[in-house]
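Morning, everyone. Please look at the screen while I walk you through a few local features.

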Amino acid sequence: KLQRRTSMPLTWTAVRKLLVLTVATKETGGFKRFLRSAKHFNYTVLGRGQTWKGGDYMTAPGGGQKVRLLKEALEEMKTKDTIILFIDSYDVVFSSGPKELLKKFQQAKHRVVFSSESLIWPDRHLEDKHPHVREGNRFLGSGGFIGYLPNIKEMVSDWTGKDDDSDQLFFTKIYIDPAKRKSINITLDTKCRLFQNLHGALDEVVLKFEDGRVRARNVLYDTLPVIIHGNGPTKLQINYLGNYIPNTWTFETGCTVCHEELRPLTSEYPLVVIGVFIQQPTPFVSVFFERLLKLQYPKERLRLFIHCQEAHHQPQVSSFLKDHGSLYQDVKVIGPEEVIDGAEARNLGFDKCRKADDCDYFFSLDVEVVLKNENTLKILIEQNLPIVAPMITRAGRLWSNFWGALSAEGYYARSEDYVDIVQGRRVGVWNVPYVSSLYLVKADVLRSELTDYELFTSQILDPDMAFCFNIRNKGLFMHVTNMHTFGRILSTENYKTDHLHNDLWQIFENPVDWQDRYIHENYTHMMKDKLIETPCPDVYWFPIFSEVACDHIVEEMEHFGKWSGGGNTDTRIQGGYENVPTIDIHMNQINFEKEWHKFLLEYIAPVTEKMYPGYYTKAQFDLAFVVRYKPDEQPSLRPHHDASTFTINIALNGGGSDYQGGGCRFLRYDCSISAPRKGWTLMHPGRLTHYHEGLPTTAGVRYIAVSFVDP
């Protein structure tokens with residue numbers, strides 16, 4: 001497509017002679033970005049379609065078709081004082097308008113000005129023939145030049161090359177020929193006042209934020225180029241700069257384009273295939289499926305594609321599908337018995353959408369994603385982008401599901417704005433080189449640019465890296481949005497599967513999710529509003545555990561099953577003698593003592609310090625255990641003191657529903673709590689003052705978790 005752009009300046013007569021030409025064969029994301037920057041500075045667009053025949057000039061010489069099309073276009077033009085700007089478009093952005101462009105061109109005092117480079121391409125043997133310059137870049141870059149119509153006509157008049165010949169070599173040979181250089185009156189923009197080619201100059205270019213707009217500044221020559229060109233292997237760098245230049249994101253306005261070209265969701269919802277991938281032992285899988293069920297999107301417009309490579313999680317998948325699978329339009333499950341690896345499963349998932357004529361999107365969702373925002377899918381569809389990911393992070397860390405930059409080897413590198421984006425100081429929709437874990441892909445893209453089945457397959461790269469590598473090679477843009485809070489991602493590194501309820505052990509690795517799952521929903525309100533009850537003197541009663549926590553602890557103990565005999569002789573404790581024995585299992589017997597100490601420190605100690613002013617504890621304990629009371633086993637506990645500074649006693653099941661009787665009586669005050677609420681804890685001094693007994697359990701089974709805590 002040969003595009004013509006004529007300026008629409010402040011004063012028409014001043015710059016009406018400028019005509020901007022570029023070659024574009026299809027409307028890529030880069031071309032749309034180019035047009036947006038042109039529109040910002042009031043360049044207008046005319047053009048006609050062409051099929052690209054110019055070779056792969058990103059990796060090898062090519063681009064001759066551009067010269068042919070330019071030559072053809074110029075033949076129709078007659079006005080001698082017309083100024084032609086000829087530039088690439090897919091990897092170019094304007095950072096300023098035609099007025100500045102023309103002023104700098106006039107100051108160059110030549111009839112044709114080419115962009116310059118510090119690296120010679122494509123024939124390094126021609127280096128000695130290039131004129132020396134006093135300061136700046138010595139070599140010609142063909143990606144941008146400006147000049148008067150007659151001079152450019154003369155320059156391209158001898159073109160007889162093929163469409164896949166090198167345009168760079170053609171213009172270079174004209175420039176290094178002294179006679180032609182003088183006749184056409186060519187010079188180079190050696191200090192990058194008009195054109196900034198990024199190849200070989202990445203260390204020279206920085207963003208300059210000023211008065212609601214953004215420019216690129218060349219710090220080596222202290223210039224502000226009008227046109228920025230990500231030539232050669234600098235496509236990722238122009239993508240980064242394009243996130244800001246000319247006013248895509250500024251400190252004054254934030255994101256200026258994030259609400260453009262949105263797809264409003266009406267009553268006709270697109271059909272989405274949700275790919276769920278379970279490829280390793282992962283905590284809180286049941287919670288993942290609970291959140292998937294809450295996703296705000298018509299389930300009759302959703303199909304599920306579930307790949308469960310991990311046999312440990314097969315029961316959770318089966319339970320979810322048994323209870324809720326019929327709500328979805330279709331469900332396809334690949335279990336561990338099929339021995340399909342992650343890359344192949346992802347290829348299959350994409351292909352399922354690609355081949356279904358009615359599939360509009362593929363929503364890829366890894367099981368370690370904690371999707372808190374129930375509107376995520378709607379938000380992503382409305383963005384109307386080929387590939388877009390909602391930003392998620394790991395709690396308390398800078399780890400996220402996108403990379404801001406790549407190293408030379410194609411691995412992670414931190415961009416200058418990465419921390420600000422992750423921490424929400426810069427909010428917008430960002431063009432990035434890598435996304436993972438959670439993203440939405442348009443089915444149209446799968447059927448056009450991404451027809452290769454093995455997008456995730458590589459001998460050397462992980463599936464997600466292979467996918468992003470293939471996306472980048474196609475020239476497609478990946479975006480990540482942090483316009484909303486979407487959720488977080490779990491740590492799976494140290495997740496073990498040797499317990500019944502392994503999630504209980506996640507208080508260190510995934511503390512936020514552990515709290516969501518296991519701490520009572522009113523705990524934070526209780527701490528903030530001091531909603532702590534005092535049923536007896538110096539006895540405090542407050543919610544601490546969720547019902548799920550209570551159930552999991554009880555089931556874990558019963559699964560372990562090695563209850564003590566309730567006798568005075570107890571080899572588990574120091575000295576081997578228990579004065580007031582109970583039928584119990586100690587936390588250290590199930591390797592839970594470190595996690596229990598962390599729980600006491602994080603959730604009990606703050607209440608202690610609030611209710612016993614001036615007392616501070618590191619939550620050390622000699623004993624922590626779960627007691628079981630049964631009428632035919634041990635129904636009660638005789639009056640006693642606890643050998644602790646203070647004691648916590650957590651009810652793990654419900655009086656009246658799970659058992660009859662039970663409770664705790666403080667003898668000195670003749671005060672009883674006879675119906676402890678499930679998940680609530682009693683906290684009271686241990687030694688001297690609070691002589692107490694366990695009231696008889698008359699029916700059912702009562703479970704409590706007890707800790708004797710010292711400073």
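Let's start in a loop. Pro122 sits between β6 (112–117) and β7 (139–148). Helices here are DSSP runs of H or I with at least four residues, strands are runs of E with at least two, and both are numbered from the N terminus. The peptide bond from Trp121 to Pro122 is cis, with omega near 5°.

A word on the source. This is a predicted model, where local features need pLDDT of at least 70, side-chain atom pairs count only at pLDDT 80 or more, and totals for chains, interfaces and linings use all residues. Residues are numbered from 1 along each chain as its sequence is written, and side-chain values use heavy atoms, with hydrogens and water left out.

Back to prolines. Look at the loop between α8 (235–242) and β13 (249–250): Pro246 is there. The bond from Ile245 to Pro246 is cis, and omega is near -5°.

Next, positive phi. Ala619 is not a glycine, yet its phi is near 60°. Find Ala619 in the loop between α19 and β32 (620–629). Is Ala619 buried or exposed? Buried, at a relative accessible area of 1%. The cut-offs: buried is under 20% relative accessible area, exposed is over 50%, and partly exposed lies in between, using a 1.4 Å probe and protein chains only.

Asp670 also is no glycine, and its phi is positive, about 45°. Asp670 counts as exposed, with 56% relative accessibility. Its loop runs between β36 (664–666) and β37 (671–673).

Those two strands pair with each other. β36 and β37 are antiparallel, over 3 bridges. Pairing requires at least two DSSP bridges between two strands. Phe666 stands opposite Cys671 in β37.

Now the sheet. It is open, has 4 strands in the order β33-β39-β36-β37, and pairs antiparallel. β33 (637–640) and β37 are at the edges with a single partner strand each, so one side of each has no neighbour in the sheet.

Last stop: helix α16 (residues 511–518). Which of its residues are buried? Asp513, Trp514, Arg517 and Tyr518. Down the axis of α16, these buried residues fall within an arc of 110°, so they line one face of the helix. That arc is taken from the directions from the helix axis to the C-beta atoms. An α-helix has 3.6 residues a turn, so residues three or four places apart point the same way.

What covers that buried set? The cover includes α9 (285–294), β28 (487–489) and α19 (593–611). Contact here means heavy atoms within 4.5 Å.
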